[in-house]
Amino acid sequence: MITTNCPLPFNDTDCVLMAHGGGGRMTHKLISSIFYPAFRNPLLEQDHDGCVFPVETGRMAYSTDSFVVDPIFFPGGDIGDLAVNGTVNDLACCGAHPLYLTAGFILEEGLPLSDLTRIVQSMKKAADRAGVQIVAGDTKVVERGKCDKLFINTSGIGVVPKDIHIAPNRVKDNDVVICSGPIGVHGITILSARESLGFETNLKSDTISLNNMISGLLTNIEDVHVLRDPTRGGVSGTLNEIAQAAGMEIILDEASLPIPDAVRGASEILGLDPLYVANEGLVLVILPAAEAEKALTVMHRYPEGKDAVIIGRVSDTGNTIVKMKTIYGNYLIIDMLSGEQLPRIC
Amino acid sequence: MKYVDEYRNKEQVQSLVRAIRKIVTHPWHIMEICGGQTHSIARYRLEEMLPEKVKLLHGPGCPVCVTPIEIIDQALELAKRPDVILASFGDMMRVPGSREDLMQVKAHGADVRMMYSPLDAVELAGTEPDKEIVFFAIGFETTAPVHMMALKEAQRRGLTNFSLLTSLFTVPPAIEAILSDPECKVNGFLTAGHVCAVTGNKEYYRLAEKYKTPMVVTGFEPVDLLYGIYRCLLQLETGTYTVENTYKRAVPENGNPAARNLINEILEPCDQEWRGIGIIPNSGLQIRQTFDRYSSRTKFNFHPDKKDIVSECIAGKIMRGTKQTTDCPFFGTRCTPEHPFGAPMVSTEGVCAAYYKYR
């Protein structure tokens, strides 16, 4: 009997190895066993350096976003659905129907393949819900410690229907600001999961694709001026950007802000302000006051918009700031954050 | 939200404002001691609800703001050592030392961790036995017991790689320093409810009597603050001066003896420098010699690279109540939260940052 004592390399592994990024068989195996089965579609399967697809005439929207969230799994989602929903929502907020996404993965050596599989599966699920296809991708592996488990970049394109014009400079005096749901949920969920703070909330991240609801809104309401998802920087950061770009003052009404008790409570304990906390499944809609009721009726039909409320209005005062009418009837300036929110000691 | 909303209740706030307006006949200056109270006053714009004659002055009760620059430099020096992990509360991260802050040294490779509790630093000491874990233990009588609890826990676990870089202050000597300043404008004090929850109210009777000044133990929500202001004004208008506890839901007359025992067991009073104010006798707490193996100052040799600090910051005068934020020519122009001249522009407990944010 012929035997060989020649040591053979291990091909089966339960975690990401540097070899998975080498461009050889291991890379191919990673792609064919994890990415392809999940994302399978004819455009992806062109097996090319990129993806070729037909285009319509008209206007397209194009956006990109990178995801580095820690922890990668959290109540209500993971870095995978976050990465899909984030770019889908950015496109939807341009007024576009999102069509195709690309996904770039930077994997840390040692990442369990079961984690990667779970994340890719949840990207697939999020893409299906949003009705988009992942048509191209890239994988790189870096040494342990050179990134934190995995980072994902997604970019995407979508088609903007003919009569849709969403831009901050369309904001008009007396427009109203609608918020599609509870404020601060994602950020507080991540923080509670990240800091091991020893208290539990019933909060789950609000990460969800908003393009179906936005499409419903744009079909039914003629004159939507601005759509923005208040992710990093929170509601306050986003409204400040709009106020500056539009050259208008935005006045929030504290009593109408939909901040869940769990977010308020956690923010009190952590010394944070919910208006600056990140959201992932929220959209701020600015439109003429006359359209507000109709818009709310449309949004309430979708699970992601069932709690939509008017939170403020626009005023052409010559100031480009965000103010808040407090519950006592006086006014506070809601400024943009200078850096990151630092928890208070007391 | 229970235990919060009832103390932010609009009708209660309005009725207290009416009651205050009814009793005020003279101009008065009232100082709230605690940075948490300053933050609430700015956040809820309580000052503009008060009659013109009542002015609030904002005291030195923000530990981030009064920690001397030398101690911040010590923290920075320790953070830069390769064998040290420096853990700190969040709002200490951006307070400027003489040349840089903790965020900057972190970006250059120092291992600086933001924590909510010193007990997390004890945990870290257990899991990182080859590193020295230094917790930047700042605070007043409120926070000191928590730091001491961490020290005790490190002792119980036999951890030798855990120490505290302390910057601990006590309130009554600061009140006495303010009241004995010839320029003092303060007619009455709202004492810091959470400090009294530990210390009890005893020391304040002596101060009220000696300086003939009302001392009202006050909470942190709008209703608490306005009620404290109302009771303080009532004393001022009737010419009385005593200690009144308007925050009984948190402050028993005798405070928290267990927390106090812990402080007394491990810490002893010392003369302490307050940033912007100077040295106030017996206003600090330092680790006793019997526990000095847990003191970063004993454990490490510092090489302070002392710089001449030219500060245009008038925070000290503001915290003593002799100047107001609006008196500072740099407020909101050259001194902003992005480019703070002094610590009160950094911490949200700091008077300048609170005013800037909610101006």
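Asn282(B) is partly exposed, with 14 other C-beta atoms within 10 Å. The model is predicted. Asn282(B) sits in strand 11 of chain B, which spans residues 278-287. Its phi is near 55°, a positive value in a residue other than glycine. Most residues other than glycine have a negative phi.

Asn174(A) also has a positive phi, near 75°. This residue belongs to a loop of chain A, between strand 6 (150-160) and strand 7 (176-179). Is Asn174(A) buried or exposed? Asn174(A) counts as exposed, because it has 11 C-beta neighbours inside 10 Å and the cut-off for exposed is 12 or fewer.

## A cis peptide bond

Which form does the peptide bond from Asp70(A) to Pro71(A) take? The bond is cis, with omega near 5°. Most peptide bonds are trans. Pro71(A) lies in the loop that links strand 1 (59-67) to strand 2 (73-74) in chain A.

## Helix 2 against helix 3

Two packed helices are described by the angle between their axes and the distance between the axes. In chain A, the axes of helix 2 and helix 3 come within 7 Å. They cross at roughly 30°. The two helices are therefore roughly parallel to each other, since angles under 35 degrees count as such. Their crossing is right-handed.

The residues of this contact divide into 10 nonpolar, three polar and two charged. On the helix 2 side of chain A they include Ile79(A), Val84(A) and Val88(A). Gly80(A), Asp81(A), Ala83(A) and Asn85(A) also take part from helix 2. Helix 3 of chain A contributes Ile119(A), Val120(A), Ser122(A) and Met123(A), among others.

## The buried side of helix 5

Helix 5 of chain A covers residues 211-220. Which of its residues are buried? They are Asn211(A), Met213(A), Ile214(A), Leu217(A) and Leu218(A). These residues lie on the same side of helix 5 of chain A, because they cover an arc of only 160° around the axis.

Several elements of chain A cover these buried residues. Among the helices are helix 2 (79-93), helix 3 (113-130) and helix 8 (292-300). The strands include strand 4 (97-108), strand 8 (226-228) and strand 10 (284-287).

Technical notes: Residues are numbered from 1 along each chain as its sequence is written. Chains are lettered from A and ligands numbered from 1 in the order in which they are written. This is a predicted model: local features need pLDDT of at least 70, side-chain atom pairs count only at pLDDT 80 or more; totals for chains, interfaces and linings use all residues. A residue is buried if 20 or more other C-beta atoms lie within 10 Å of its own, exposed if 12 or fewer, and partly exposed in between; C-beta atoms are placed from the backbone. Helices (H or I, at least four residues) and strands (E, at least two) are DSSP runs, numbered from the N terminus. The arc is that of the directions from the helix axis to the C-beta atoms. Two residues are in contact if their C-beta atoms, placed from the backbone, lie within 7 Å. Axes are lines fitted to C-alpha atoms, for helices over the stretch in contact, and angles run from 0 to 180 degrees between N-to-C directions. Angles under 35 degrees count as roughly parallel, over 145 as roughly antiparallel, 65 to 115 as roughly perpendicular and the rest as oblique. A crossing is left-handed if the near helix is turned anticlockwise from the far one by less than a right angle, and right-handed if clockwise. Ala, Val, Leu, Ile, Met, Phe, Trp, Tyr, Cys and Pro count as nonpolar, Asp, Glu, Lys and Arg as charged, and the others, Gly among them, as polar.
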